[in-house]
Amino acid sequence: YIENHYTDSVAKYNRAVGMNLLYTTLSVLLFGFFAVITTLSLIDYAASHRETIRLLHMQGAPHRSIIAAFVEIMLPPGILTCAVVWAIVTPVEREYYRLRGYSDAFIAKLELYVIDKPLFLTVAAAVVLAVFVAPVVWTVGKELRHLDKE
């Protein structure tokens with residue numbers, strides 16, 4: 001008769017991985033929802049400054065300078081938003097697993113400490129570019145092309 005002593009630990013690990021997947025999926029969906037709202041708000045913000053863009057264009061400001069000025073306004077909120085999301089999600093996730101009775105060694109095995117990984121920084125930079133920079137560049141560029149046609 002052979003008894004498998006690893007059944008509890010394997011079941012615990014599989015449950016933790018499943019909960020981590022569920023938690024990550026819900027977090028991504030929630031962040032995606034807020035990213036869409038933020039992107040639409042930024043497009044509206046850039047479009048609402050048509051008169052400013054037109055005045056700068058009439059004064060002979062280069063297109064790159066006008067776009068860079070709007071990006072400069074939007075970049076700090078984007079970086080701060082990613083930092084806040086990480087600062088909120090990571091401790092909550094760690095505490096969730098601690099409350100469930102998992103040890104720090106087990107949490108480390110699940111690789112929840114994502115800030116040390118280059119992939120996290122790459123994803124954060126991509127989110128900042130996609131949510132905060134790209135909509136502003138696209139909208140201001142569209143307005144400048146429209147002004148060039150006039």
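**Helices, core and a buried glutamate in a predicted model**

Helices (H or I, at least four residues) and strands (E, at least two) are DSSP runs, numbered from the N terminus. The model is predicted, so local features need pLDDT of at least 70 and side-chain atom pairs count only at pLDDT 80 or more, while totals for chains, interfaces and linings use all residues. Residues are numbered from 1 along each chain as its sequence is written, and side-chain values use heavy atoms, with hydrogens and water left out. The chain averages a pLDDT of 77, and 75% of the residues score at least 70.

The secondary structure of the chain consists of 5 helices and 0 strands. Of the 150 residues, 25% count as buried (under 20% relative accessible area, with exposed over 50% and partly exposed in between; 1.4 Å probe, protein chains only). Of the contacts (heavy atoms within 4.5 Å) in the chain with a separation of 6 or more, 78% are between residues 24 or more positions apart.

The largest nonpolar core has 20 residues. Such a core is a set of buried Ala, Val, Leu, Ile, Met, Phe, Trp, Tyr and Cys residues joined through side-chain atoms within 4.5 Å. Helices α1 (7–48), α3 (63–99) and α5 (118–149) each supply at least two residues of this core, and α5 gives the most, with 10 residues. The residues with the most contacts inside the core are Ile53, Phe70, Val136, Val140 and Leu144. Apart from its neighbours within four places in sequence, Val136 is in contact with Leu42, Phe70, Val71 and Met74.

Helix α5 also contains Glu143, which counts as buried because its relative accessibility is 8%. Its side chain makes a polar contact with the side chain of Arg50, at 2.9 Å. A polar contact is a pair of N or O atoms within 3.5 Å; within protein, one must be able to donate a hydrogen and the other to accept it, and residues adjacent in sequence count only if both atoms are side-chain atoms. Beyond its neighbours within four places in sequence, Glu143 is in contact with Arg50 and Ile53.

A kink of about 40 degrees lies at Val133 in α5, shortly before the proline Pro135; the bend at a residue is the angle between axes fitted to the seven residues ending there and the seven starting there.

Note on methods: pLDDT is the predictor's confidence in each residue, from 0 to 100.
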